[in-house]
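The sequence and structure come first.

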Amino acid sequence: MADILQILILGLALGGVIALMGSGLSLVFGVMRIVNLAHPSLIIGGAYVTYWAFKMTGLDPIVMLPVASLIMAAIGVLLYRLMFERETKSAKYSEMTVLLTFALAMMVEGLLGGLFTNTQRVVSPEYATDAFFIGDLFIPKGQLYAGIVSLIIIGGLSLFLKYSRLGYAIRATTQNREAAELLGVNVNFICILAFAIGIGLAGAAGSLVSFVFSFFPAKHWEWIAMLMSVVVLGGMGSILGTVVAALLLSVIAAFVGTWIGATWSTLTFFLALFLILLVRPQGLFGEKPEMA
Amino acid sequence: MTELLQVSNITAGYGDGPAILDGAHLTVEPGKVHCIIGPNGAGKSTLMKAICGMLTIRKGDVLFNGKRLNGMRPDQILREGICFVPQERALFPKMTVRENLRMGGFILDDKKELERRIEGILERFPILRERADQHAGTMSGGQQQTLAMARTLIIKPTIVMLDEPSLGLAPKIVQEMFDIMKMMSAEGVTVLLVEQNALMGLKNSDWGVVLDLGRTLFEGPAATVLADPRIQELYLGGKKAA
Amino acid sequence: MAVTLDQSSASAVVEARRAHNEKLARKADQTRATWFPLAVMAILIALPLLQFTGNYNYLLHMVLFTASYVAMASGWNILGGFAGYISLGHAVFFAIGGYFSGMILARYGISTIITAPLAGLLAAVVGYLIGMVTLKVRGPSFIISSIALLMIARILFDNWELIGGANGVTLPVNDLSVQWAKVPYYYAMLAIAAFTVWASYKIKHSKFGLGLRAISKDEIKAESAGIDTRFYKVMAFALSAFFVGMAGAVWGEYLTYLRPNIFLVILVSANLVLMSILGGKGTVAGPVIGAILIVALNELFVATMGASEINILGTGMVMAAGLMFFPLGLVGTLARKGKLPRVLNWD
């Protein structure tokens, strides 16, 4: 019993981080219909920003998080204006953006590899290797903190989307772009904003990832299918769905990892992605199979 | 001069594509219900999109109270008081009725005033108050169309343009929609609608416009348009040409 | 599968279209220069004779390398270009071909050149089965599912002890002298590439190819026109896997080892997409031109800058620029402008 609880705790803490990693991806798809294959590579970008700050000044990754997030958001604005704004009129828009983001992922990977080499890195603040003990259970502090911070950020994002004027505009654009434009929403600005928030979330996730996982530039290929499975299961575009799917899959993966073997735990995500695409392409929370 | 909106000889199309509208004109008088009829592909919806700023007008002018509208963005035209409801209701299906109404007043800066106006709308449309916290996508077609029309009233518009408000609705419900339009026009809102069911549309309007092949063929009082034998034959499903 | 048109007016339309098509075909025949690809083939076939005069192994290697990508990109193009289903998982079939023939070579000493068609067949069968499942979705969903496929295959191959796991398998080296060691693979790969391009041409001009192009334009309309879209798509997937699998088989022996991190990397898949798009997706010559360009470019990057990071960065940049500025690819853009040189008009 204690075993099961232990696995559950580890799965949930990690699931929180994965939820944050996926939320930006989901937001960007929801508003702009861009399947951003470069999202994980930008998370790694955020992780390197954090790593670099830690190495230079010893700055705590969680303190660095807002800065990394802002830096990545600014990069997001730049990328959107350079690469995606011009494609909005393209006939094969969604397909085109998938390939463009794929190319972007390679560019980011190559750039990071050139700057930081392909060595595995990890940021190691003291709490990253420490843990709380409750009876037989242990809770690694790093994962716990990262999970909590993730859920706080996602909570803030949800409140922003639910209640603020810009949040209304973002949700309206997600649900009916034309109608939003007709009601006076500057849709192009909303797209830039949503993209910036999405990439900013990648930066924030990067700061947390930097001390939870070890990373290197090519690591993002392992994450893309993992995050896609979370986002697709959650119903592309739904933040709540993304959180639920992340927690669920992460817990399942934790059990698979413990009971069957560590190599097979990532397979959980890929197989899940495969199954969802085939059985219920609209995901758990999506209503229309827009992706299919 | 009594005209509120004057569209003269405009040419417009999508992107770099061919001109859908070529020589369309339109005169809109205040307080009346105007109905645009014409076959599929005549350019009816395109005309509305051109007026509300969603399409670039290549040639010609749109004058609203003497002010040129062409070249303005949709949100600027909305602020002038022209509201457009495209086909398929244009609601936000996963927002509640109240949130949809709030989006209707997106351009209003005064939050308190907005809430007051929403209350006013809910007062007038009891069915919407009943469903105020329900997702718009879960309502019936008629209720959705009611919401779409009611939503335009939030900004107290001068002109409301409706693209096929009767689409997919049962005949009895369609009449309710026309009643709402009459109520709007009685309050001084000018209504411009595109109607596939030309007969029904004209019967409920003051002014009729026949559009075909991107050009305005005929403009006149709805009764005159209804009575014209040529129009009956070609567009009202009257006697088929031999 | 047959197209049924029962309206009387339809037959008149069909007649008119047929006449129009025949006119177009005649016009195309007049402009096509079949001598050009044949001449190129003749030169390439004669190329190993240079070995009598010195060591041209690097040249042979480059041709062989390009030929392998010509075959794979042209194969990918059957699904991605003709049918419009973009797969980023085709490295899986490269690996299946390589491992199947490679393992036979390691166990029984039968050269992969002999077993390559079988490897292709196995890849096609696997492609058929996978296609039955993944081709239910299209657009971005299909692209994502293909990435998932690659990831799943990588984990399986990495952990499958029988085929060496992550460390892979070393294959026996043939006992020809250094001068001639590459030549058998050179001819084998050249034959595979030529066969693929020929098949790609034949497919494009068949009823099957027409159906695929209809699917790529508008799948729902294609289906309502009586095309069994499901079968067409799955067959296209199987065929495209076949050619990639054959190339993989010979590549394994040429490389003398099999390893998941060589065969099952997304960069291989990305290259196929890149070559097809840059050259001209959906055209016969496009993937060929694209393969030559990208191999040359890669070689340039590696030769001038050395590092593989720069190679990845460069590939990404070329891909992004190609997508943004030449979405129709070299052949497609030139053809649209009516400026495609006759020697490149293979369609």
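In this predicted model, helix α5 (residues 112–134) of chain C packs against helix α10 (residues 229–255) of chain C at an angle of about 145°, and their axes lie 6 Å apart. The crossing of α5(C) and α10(C) is right-handed, and the contact between these helices comprises, by class, 22 nonpolar, 9 polar and 2 charged residues.

Chain B contains an open sheet of 4 strands in the order β2-β1-β4-β5, with antiparallel pairing. Its edge strands, each of which pairs on one side only, are β2 (19–28) and β5 (67–68) of chain B. Strand β1 (residues 5–13) of chain B runs antiparallel to β2(B) and is joined to it by 7 bridges; Val7(B) has Leu26(B) in β2(B) as its bridge partner. Helix α1 (residues 44–51) of chain B packs on this sheet, where it touches β1, β2 and β4 (57–64) of chain B, and its direction makes about 70° with that of β2(B).

Chain A is contacted by both of the other chains named here: 33 residues of chain C are in contact with 35 residues of chain A, with α6 (140–159), α12 (266–279) and α14 (308–325) of chain C each supplying at least two residues of the side that touches chain A. For chain B, 18 residues are in contact with 15 residues of chain A, and α2 (74–80) and α3 (97–104) of chain B each supply at least two residues of the side that touches chain A. The two sides divide by class as follows.

Technical notes. Residues numbered from 1 in each chain as written. Chains lettered and ligands numbered in written order. Predicted model: local features only at pLDDT ≥ 70, side-chain atom pairs only at ≥ 80, totals over all residues. Contact = placed C-beta atoms within 7 Å. Axes fitted to C-alpha atoms, helices over the stretch in contact; angles between N-to-C directions. Left-handed = near helix turned anticlockwise from the far one by under 90°. Nonpolar A, V, L, I, M, F, W, Y, C, P; charged D, E, K, R; others polar. Pairing = 2+ DSSP bridges.
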